[in-house]
Amino acid sequence: MTDDQSAYEQTSEEQPDDEQHAQTPAVEDQAQDLPAVDEPVVPEAVVEIPLNDVSGRPDVVEQRLGQFGVHGSPDVSGYGGLVTTVVLPGASERPYGGYFDEVADDLANALGGGYDAAITKVVVDRGQLTFHVAREHLVAVCQVLRDDPLLRFELSLGCTGIHWPGDVDNELHVSYQLRSLTHNRLIQLETTCPDSDPHVPSTTAVYPTNDWHERETYDFFGVIFDGHPYLTRIQMPDDWPGHPQRKDYPLGGIPVEYKGAVTPPPDERRWYS
């Protein structure tokens, strides 16, 4: 160790923090005298859409108790005291970021005066653009998204259902993933209907690939797609009671077909005291 290095280390240990910071420029000057080292090539930064830029007020749809939100029977997970608030993101404000603003503008121009009636809100959440569509305008919006040359969302990747019993008058949600092969873009549509009137127009006339996806959503969630060419169950037997992926579907006590076995309800299984 050289005398200069020893003196520097001793001074750094004895001096207060402010004086240590005062020494920094001198150290940087010494570093400039060192031989140059090849620096790695850093790629240009990619502009990314924020993961969570929701600016509207979120909607609380459920206060979940325990690990799985079980109601009316003991929680056997060991997390019976866990309380989770489930919220849906609120409407976002401009600018949305990325290509999202361009898609929103093009859709508004294509729909013209019908935009406000068709699009109930626009949400940007976790890097995804979602247009919430009134169910009576769903097919018309899909037609525009597919055919307008500035949009050209030619491919629907299917639809799926979500059941939020706490979202009053909008308990059943249906979401659609749309891909533009022309512009290499991805968006989502979402529409809702109440438990008391579980009807949504079928989109198979615009996106024929949604045929089986709508049947599956009907089978598991009970959403009736008006105008579907052959709306029947796709997984469960035709005479199966209820829709298994709804949150109000019983967790046990269901006969297992072909085997004569019965899954016991939760309150008859073991639990943790």
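**Entry 1. Helix H7.** The buried residues of H7 are Glu 214, Arg 215, Thr 217, Asp 219, Phe 220 and Phe 221. I noted that "buried" means under 20% relative accessible area, "exposed" over 50%, and "partly exposed" in between, with a 1.4 Å probe and protein chains only. Helices (H or I, at least four residues) and strands (E, at least two) are DSSP runs, numbered from the N terminus. After H7 comes Gly 222, with a positive phi near 85 degrees.

**Entry 2. The model.** I recorded that this is a predicted model, in which local features need pLDDT of at least 70, side-chain atom pairs count only at pLDDT 80 or more, and totals for chains, interfaces and linings use all residues. Residues are numbered from 1 along each chain as its sequence is written, and side-chain values use heavy atoms, with hydrogens and water left out. The pLDDT is the predictor's confidence in each residue, from 0 to 100. The protein chain averages 80, and 67% of the residues score at least 70. I marked residues 5-17, where pLDDT stays under 50 and the model has six contacts beyond four places in sequence. Residues 34-55 are also below 50, and this stretch has 26 contacts beyond near neighbours in sequence. A contact means heavy atoms within 4.5 Å.

**Entry 3. The chain as a whole.** I found seven helices and eleven strands in the protein chain. Of its 273 residues, 33% count as buried. Among contacts with a separation of 6 or more, 54% come from residues 24 or more positions apart.

**Entry 4. The nonpolar core.** Which residues touch the most other members of the largest nonpolar core? I found Leu 107, Ile 119, Phe 131, Leu 145, Tyr 176 and Leu 189, out of 39 residues. Elements that each supply at least two residues of this core include helix H4 (100-111), strand E3 (119-125), strand E6 (172-180) and helix H7 (211-221). Such a core is a set of buried Ala, Val, Leu, Ile, Met, Phe, Trp, Tyr and Cys residues joined through side-chain atoms within 4.5 Å. I then examined Tyr 176; leaving out residues up to four places away in sequence, its contacts include Leu 138, Cys 159, Ile 187, Val 200 and Phe 225.

**Entry 5. Glu 190.** I located Glu 190 in strand E7. Glu 190 is buried yet has no salt bridge, and Lys 121, the nearest side chain of opposite charge, is 7.3 Å away. For charge, Lys and Arg count as positive and Asp and Glu as negative, while His and the chain ends are not counted. Which side chain makes a polar contact with the side chain of Glu 190? It is that of His 173, at 2.7 Å. A polar contact is a pair of N or O atoms within 3.5 Å; within protein, one must be able to donate a hydrogen and the other to accept it, and residues adjacent in sequence count only if both atoms are side-chain atoms. Residues touching Glu 190 include Thr 130, Phe 131 and Val 174, not counting those up to four places away in sequence.

**Entry 6. Salt bridges.** I found eleven salt bridges in the structure. Each is a side-chain nitrogen of Lys or Arg within 4 Å of a carboxyl oxygen of Asp or Glu. Glu 102 pairs with Arg 185, with the closest N and O atoms 3.0 Å apart. This pair links distant parts of the chain, since Glu 102 is in helix H4 and Arg 185 in strand E7, 83 residues apart. Glu 102 is partly exposed at 42%, whereas Arg 185 is buried at 12%. Asp 147 and Arg 146 form another bridge, at 2.7 Å. I also noted a network of salt bridges that links Arg 94, Asp 101 and Asp 105.

**Entry 7. Backbone details.** Most residues other than glycine have a negative phi, and most peptide bonds are trans. I found a cis peptide bond between Arg 94 and Pro 95, with omega about -5 degrees. Pro 95 lies in the loop between strand E2 (83-88) and H4. Asp 169 has a positive phi near 70 degrees; this residue is in the loop between E5 and E6 and is exposed at 53%. Asn 184 has a positive phi near 55 degrees; this residue is in the loop between E6 and E7 and is exposed at 60%.
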